[in-house]
Amino acid sequence: MIFMATSIPIRPPGQPAPPAPAQPPERGGDVVLERVPQKVKPPQMHQVLMLNDDFTPMEFVVVVIQEFFNKDRESATQIMLKIHLDGKAVCGVYSRDVAATKVDQVMDAARQSGHPLQCVSEPVD
């Protein structure tokens with residue numbers, strides 16, 4: 001047996017009405033989104049400083065500067081002399097994470113060699 005509806009079904013009270021079918025947008029009313037460029041600041045740079053002490057041999061300081069800061073022998077010697085005369089000198093400027101890694105590498109090398117060499121990182125102004 002086949003039953004056919006002869007009238008529109010009636011919605012029971014308390015039920016919300018079904019959503020209206022979506023209408024296609026009219027021409028000329030299209031929405032255009034503009035891309036707003038975001039300004040991104042470069043990362044804060046940190047300088048790695050090596051501090052003078054009276055016990056670490058100058059030759060060890062030169063080798064450390066050459067090895068960890070990729071300086072040639074002459075540049076490393078000049079930095080070592082600046083450390084010796086001024087009490088500290090900048091060995092390089094890096095992003096915060098790279099500077100922290102350099103400090104750790106220098107401190108580990110000094111500790112393994114039995115030297116009290118100190119190395120620190122500070123933000124560049």
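Read along the sequence, the protein chain follows the pattern β-α-α-β-α-β, and its secondary structure amounts to three helices and three strands, where helices (H or I, at least four residues) and strands (E, at least two) are DSSP runs numbered from the N terminus. The model is a predicted one, in which local features need pLDDT of at least 70 and side-chain atom pairs count only at pLDDT 80 or more, whereas totals for chains, interfaces and linings use all residues. Residues are numbered from 1 along each chain as its sequence is written, and side-chain values use heavy atoms, with hydrogens and water left out.

Of the 125 residues of the protein chain, 25% count as buried, a class that requires under 20% relative accessible area, with exposed meaning over 50% and partly exposed the range in between (1.4 Å probe, protein chains only). The protein chain exposes about 10400 Å², of which carbon and sulfur atoms supply 57%; accessible areas come from the Shrake-Rupley method with a 1.4 Å probe, and for residues only the protein chains shown count as cover. Among the contacts in the protein chain with a separation of 6 or more, 66% are accounted for by residues 24 or more positions apart, a contact being heavy atoms within 4.5 Å.

In soluble globular proteins, nonpolar side chains tend to be buried together. The largest nonpolar core in this model has 24 residues, and those with the most contacts inside it are M50, I65, F69 and V106; such a core is a set of buried Ala, Val, Leu, Ile, Met, Phe, Trp, Tyr and Cys residues joined through side-chain atoms within 4.5 Å. Two or more residues are given to this core by each of the elements β1 (45-51), α1, α2 (73-86), β2 and α3 (96-113), with α1 giving the most, at seven residues.

A search of the whole structure finds one aromatic pair. The ring centres of F69 and Y94 are 6.4 Å apart and their planes lie at 35°, so the pair is tilted, under a rule by which rings of Phe, Tyr and Trp (its six-membered ring) pair if their centres lie within 6.5 Å, with planes under 30 degrees apart counting as stacked, over 60 as edge-to-face and the rest as tilted. Because F69 lies in helix α1 (residues 58-69) and Y94 in strand β2, the pair ties together parts that are 25 residues apart in sequence. Both F69 and Y94 are buried.

When neighbours within four places in sequence are left aside, H46 is in contact with G92, V93, Y94, R96, A99, S121, E122, P123 and V124.

Four salt bridges are counted, each defined as a side-chain nitrogen of Lys or Arg within 4 Å of a carboxyl oxygen of Asp or Glu. One of them joins the side chains of R73 and E59 (2.9 Å, N to O); since R73 lies in helix α2 and E59 in helix α1, this pair ties together parts that are 14 residues apart in sequence. R73 counts as partly exposed at 41% relative accessibility, as does E59 at 43%. Another salt bridge is formed by D97 with R96, the closest N and O atoms being 3.9 Å apart; here D97 counts as exposed at 54% relative accessibility, and R96 counts as exposed at 56%. The side chains of D108 and R111 also meet in a salt bridge (3.3 Å, N to O), and these two residues both lie in helix α3, three residues apart, about one turn of the helix. D108 counts as partly exposed at 36% relative accessibility, whereas R111 is exposed, with a relative accessible area of 57%.

On the surface, M45, V90, V93 and V124 form a nonpolar patch with about 270 Å² of accessible area together. Patches are made of residues with over 30% relative accessible area and no salt bridge, like charges being joined within 9 Å and nonpolar side chains (Val, Leu, Ile, Met, Phe, Trp, Tyr) within 5 Å.

Most residues other than glycine have a negative phi, and most peptide bonds are trans. N70, although not a glycine, has a positive phi of about 55°. This residue, N70, lies in the loop between α1 and α2 and counts as exposed at 66% relative accessibility.
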